[in-house]
Amino acid sequence: MTTSKGKKSHISAGSATTIVTAGRAPEAQHGFVNPPVYHGSTVLFANAESYRARARPYVYGRRGTPTSAALEDALSTLERAHGTRLYPSGLAAINTVFMIFARAGHHVLVSDNLYWPARRFLDEVLSRMGVEVEYFDTTIGGGVAGLIRDTTNLVYVESPGSMTFEVADVPAIAKAAKSAGVTTAMDNTWASPLFFRPIEHGIDVSISAATKHIGGHSDIMLGYASVNEQTWAAFDRDNAIIGQSAGPDDIYLGLRGLRTLGVRLRQHMQTGIALAQWLRGRDEVAAVLHPALPSCPGHEFWKRDFDGACGLFSIVLEPVPQAAADALIDGLEFFGIGASWGGFESLAVPANPRANRPVMGFPHDGPVIRLHAGLEDIEDLKRDLEQGFARLRAAL
Ligand SMILES: *Cc1c(COP(=O)(O)O)cnc(C)c1O
């Protein structure tokens, strides 16, 4: 690996040091630490011949700027990827990867604990284009080999699932797909490249919603796909003509957020695990769904393959009316009620995994609440939840 100072380094891809050093070129911007935000569509050329040749790094705004290249380079280093492309959202990144690798009359295999808006894209748009979408139980591991057909173009896995948190045996899934010559992609938003690097485990395309941890401040929409060398040429040829392009200010804020990912994520992890352990001991809670707890399906794979956990997990309440669960959520002082996660503020939302898991089902009865442990003091968060449990009991 080469750092921004051009020295050889032995720092691992998934380290806080790499997060600080990757993708930097201060000498190319008069010594300033961060790159400027290039707003641009047209790139001017000196004459007709040089325009025809377009033999320079930047030829048109949609195809990239020095700002987007800085973030793409940093992410490629972190992900151990050959290249990275940015998208205006995480969902756009996921859907573009399907558009590139799926074929009409062919078949894709997708883990059943998929982010549900992506499931809607597959069921309502990709299916209309003649692609057969088959969902599989994420805990199947190498058993996915038995589902691969001659017509399978892509195996896609989300791990841990971002609502129910089962952890897949990713190396086994990647190996099964590889031996059948099938491309693999993974949604790695939960772990971020700090805690898991899909390409190191045999996956071809690592996708993340940078909206979440990398932005880290609930103020941008951004996605990316990092791709290994073998898959890059085929991926990038199609990607360029599909026409996705992220906004320059969001790219800049993604780069800014990235530099503090190490400290933020370690704090999210610490608070999240402490809350999960505390919640597990409460009478009102039937189950805590967190990859770091031994009760979580696939916990052994989390322990084997991941370097940490983020602050996102779910709790299943003992069976109570939804109104009692809502009473817990509604009075919370420090937990916001809203979609997304990975920002500095804690969040709590009612979740309904039963609606979207036809293959795996969901083995619990009570209401589900998904929590994002933010950067507040844990004692304040515990007190807030304690008052929530009092409201729940009062509502029974
Ligand atoms: C939020 C999320 C996405 C989509 O990201 P957006 O930037 O909101 O489009 C994809 N996958 C997972 C796991 C997510 O949590």
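**A tour from the sheet to the pockets**

Start by selecting α4, which lies across β1, β2 (107–111), β4, β5, β6 and β7 (223–227) and runs at about 155 degrees to β6. Contact here means heavy atoms within 4.5 Å; axes are lines fitted to C-alpha atoms, for helices over the stretch in contact, with angles from 0 to 180 degrees between N-to-C directions. Helices (H or I, at least four residues) and strands (E, at least two) are DSSP runs, numbered from the N terminus. You are viewing a predicted model, where local features need pLDDT of at least 70 and side-chain atom pairs 80 or more, while totals for chains, interfaces and linings use all residues. Residues are numbered from 1 along each chain, and side-chain values use heavy atoms, without hydrogens and water.

Next, show the strands: seven form an open, mixed sheet ordered β1-β7-β6-β5-β4-β2-β3. β1 and β3 (132–136) are at the edges with a single partner strand each, so one side of each has no neighbour in the sheet. Pairing requires at least two DSSP bridges. Zoom in on β4 (residues 152–158) and β5 (residues 183–187), parallel over five bridges; V155 stands opposite T184 in β5.

Now select Y115, W116, P117, S162 and R370, the residues nearest the centre of the largest pocket among its 36 lining residues. On a 1 Å grid over the protein atoms alone, a pocket is an open set of points where a 1.4 Å probe fits, with protein on both sides within 12 Å along at least five of seven lines; lining residues have an atom within 4 Å of a point. α4 (90–101), α5 (116–126), β6 (205–209) and β10 (347–351) each supply at least two lining residues.
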